[in-house]
Amino acid sequence: MTIDEQLLVFRGNCPFRVYISNKPDKYGMKIVTMCDARTYYMVNAIPYVGKVVLRGSESVPRYYVKKLSEPVHGTGRNITCDNWFTSIPLADTLLKEQKLTIVCTLRKNKREIPSSFLSDRKKQVLSSQFAFHGEKMLVSFCPKKGKSVIMLSTMHQNKEIDEESKKPEVILFYNCTKGGVDTFDQLTHNYKVARKTRRWPLRFFYGML
């Protein structure tokens, strides 16, 4: 499964319209979506309406992942997501309570990351570092001088590296599955049934169709 943001294009008056620079349409209504990574079928989605009511100290990204993945809890599937959603406690919760694995990028400011895994101009290009703790695996890959890509996985438990690209297996898996929501978003553009409207509830309805 892939969890990511979908942008429903809309330029009318809407109290929770957002701007996302890396999306083709830029302006619209954000929907946090979970899709099948192979068939691109949408399994679950939550529209962003400006505020999320949380219980206790739970973070917004953690709430989205747990809520969206409810239909597949206990099925042993994997979830691929980017570093906005990711945290070590979330990975532990998904594995122990929901029986789901996770493969994701990790922000470099996480305190669990060893200092040797961070960017360093002395690191050899295309080199990889691995760390293991229980059922979690941390990978640091140097794609070019002075840059590091840090990955977290509870699905992989080995140091396999592709001989051709020199990339760890976990990064190749992430690259294959990270585009589930983006492809779904592209398909909805190719086969859309929307009509011009300045009413955001109607635009949501067209998006659901």
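These legends describe close-up views of a predicted model. Residues are numbered from 1 along each chain as its sequence is written, and side-chain values use heavy atoms, with hydrogens and water left out. Local features need pLDDT of at least 70 and side-chain atom pairs count only at pLDDT 80 or more, while totals for chains, interfaces and linings use all residues.

**View 1. Strand 8 is enclosed.** Strand 8 covers residues 136-141. Helices (H or I, at least four residues) and strands (E, at least two) are DSSP runs, numbered from the N terminus. Six of the six residues of strand 8 are buried, so the strand is largely enclosed by the rest of the structure. Buried means under 20% relative accessible area, exposed over 50%, and partly exposed in between (1.4 Å probe, protein chains only). Lys136, Leu138 and Ser140 point one way from strand 8. Met137, Val139 and Phe141 point the other way. In a regular strand the side chains alternate between the two faces of the sheet.

View 2. Two strands pair if DSSP finds at least two bridges between them. Strand 7 and strand 8 run antiparallel, joined by six bridges. Here glutamine 129 stands opposite serine 140 of strand 8. The hairpin of these two strands has two residues between the strands. In this hairpin, glycine 134 takes a positive phi near 65°. Strand 8 and strand 9 (residues 149-153) also run antiparallel, with five bridges. Phenylalanine 141 stands opposite valine 149 in strand 9.

View 3. A salt bridge is a side-chain nitrogen of Lys or Arg within 4 Å of a carboxyl oxygen of Asp or Glu. The side chains of lysine 136 and aspartate 92 form one, at 2.9 Å from N to O. Lysine 136 lies in strand 8 and aspartate 92 in helix 2 (residues 88-97), so the pair ties together parts that are 44 residues apart in sequence. Lysine 136 counts as buried, at 13% relative accessibility. Aspartate 92 is partly exposed, at 23%.

View 4. Glutamate 58 is partly exposed at 23%, and lysine 66 is partly exposed at 24%. Lysine 67 forms a salt bridge with glutamate 70, and the closest N and O atoms are 3.8 Å apart. Lysine 67 has a relative accessible area of 35% and counts as partly exposed. Glutamate 70 is partly exposed at 43%.

**View 5. Serine 119 meets serine 148.** Serine 119 sits in the loop between strand 6 (101-105) and strand 7 (128-133). Serine 119 is partly exposed, at 37% relative accessibility. Its C-alpha atom is separated by 4.9 Å from that of serine 148, 29 residues apart along the chain. The side chain of serine 119 reaches the backbone nitrogen of serine 148 at 3.3 Å.

View 6. Most residues other than glycine have a negative phi. Tyrosine 40 has a positive phi of about 65°. Tyrosine 40 lies in the loop between strand 3 (27-35) and strand 4 (42-47). Leucine 126 has a positive phi of about 70°. Leucine 126 is placed in the loop between strand 6 and strand 7. Tyrosine 40 is partly exposed at 30%, and leucine 126 is partly exposed at 39%.

Methods:
Polar contact = N/O pair within 3.5 Å; in protein donor to acceptor, adjacent residues only side chain to side chain.
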